[in-house]
Amino acid sequence: MSTRRPSIVGEDEPTPPFPIFLKGAVSRGFGRGSKELGIPTANLPEAVAESAGETLKTGIYYGWAAVGAGDAGVHAMVMSYGWNPYYKNEKRSAEVHIMHDFKRDFYGEELRIIITGYIRPEKDYTTLDALIEDINTDIRVAHKSLARPAYSQLKLHEYILGQ
């Protein structure tokens, strides 16, 4: 159960293979992030998700994200990478929840992320409520984990700022 999970994950500084840098045009996903979960996601292209498999194991990750020219800023993110067993996906996906309330869609715009750490493995949930509860715990863990100095300074990395 989520209540027994640690509130901070990872070492005091990112350790290899982190940080990992990914980018791609935001693509349409399965349409369930906002609708079913109430947790909107920006999906990286399928080719980016596939190539990420060379470095990443499936699971939930945390880090920083910026969209387009970066005028909306750099925000904390959690990313589900893998098969999403609850939904029985047939292809691996990289679904990024940016922890910011965007007022518009940004399909087709460039999404840049810095993955700074791993939160947990994927799980197959018996209920949608259990999945949502764990995602909300992931969000809290990401915020606390990113507050450490070595992680927060990556928010200013030239890659994420689009420089």
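## Helices, rings and buried residues in a predicted chain

The protein chain holds 4 helices and 6 strands, where helices (H or I, at least four residues) and strands (E, at least two) are DSSP runs, numbered from the N terminus. This is a predicted model, in which local features need pLDDT of at least 70 and side-chain atom pairs count only at pLDDT 80 or more, while totals for chains, interfaces and linings use all residues. Residues are numbered from 1 along each chain as its sequence is written, and side-chain values use heavy atoms, with hydrogens and water left out.

Read from the N terminus, the elements of the protein chain follow the order β-α-β-α-β-β-β-β-α-α. Of the 163 residues in the protein chain, 47% are buried; buried means under 20% relative accessible area, exposed means over 50%, and partly exposed lies in between (1.4 Å probe, protein chains only). Contact means heavy atoms within 4.5 Å, and among contacts in the protein chain between residues at least 6 apart in sequence, 74% join residues at least 24 apart.

### Helix α3 and S145

Helix α3 covers residues 128-146, and its 19 residues should span 27 Å at 1.5 Å a residue, which agrees with the 27 Å between its end C-alpha atoms; the expected span is 1.5 Å times one less than the number of residues. The buried residues of α3 include L131, I132, D134 and S145.

How buried is S145? Its relative accessible area is 0%, so S145 counts as buried. Leaving aside neighbours within four places in sequence, S145 is in contact with S7, I8, V9, Y62 and Y151. For V9, the backbone nitrogen lies 3.0 Å from a polar atom of the S145 side chain.

### Aromatic rings

Rings of Phe, Tyr and Trp (its six-membered ring) pair if their centres lie within 6.5 Å, and planes under 30 degrees apart count as stacked, over 60 as edge-to-face and the rest as tilted.

F21 is partly exposed at 34% relative accessibility, whereas Y159 is buried at 19%.

Y61 lies in strand β3 (residues 59-67) and Y118 in strand β6 (residues 110-120), so their pair ties together parts that are 57 residues apart in sequence. Y61 is buried, with a relative accessible area of 2%, while Y118 counts as partly exposed at 21%. Together with F18, Y61 and Y118 form one aromatic cluster.

A charge sits over a ring if NZ of Lys or CZ of Arg is within 6 Å of the ring centre and within 35 degrees of the ring normal. The charged end of K57 sits over the ring of Y118, 4.4 Å from its centre, and the charged end of R28 sits over the ring of Y107, 3.8 Å from its centre.

### The loop residue T55

T55 lies in the loop between α2 (46-52) and β3, and with a relative accessible area of 46% T55 is partly exposed. T55 touches P17 and I20, not counting residues up to four places away in sequence. T55 and P17 are 38 residues apart in sequence, and their C-alpha atoms are 7.6 Å apart in space.

Conventions: A polar contact is a pair of N or O atoms within 3.5 Å; within protein, one must be able to donate a hydrogen and the other to accept it, and residues adjacent in sequence count only if both atoms are side-chain atoms.
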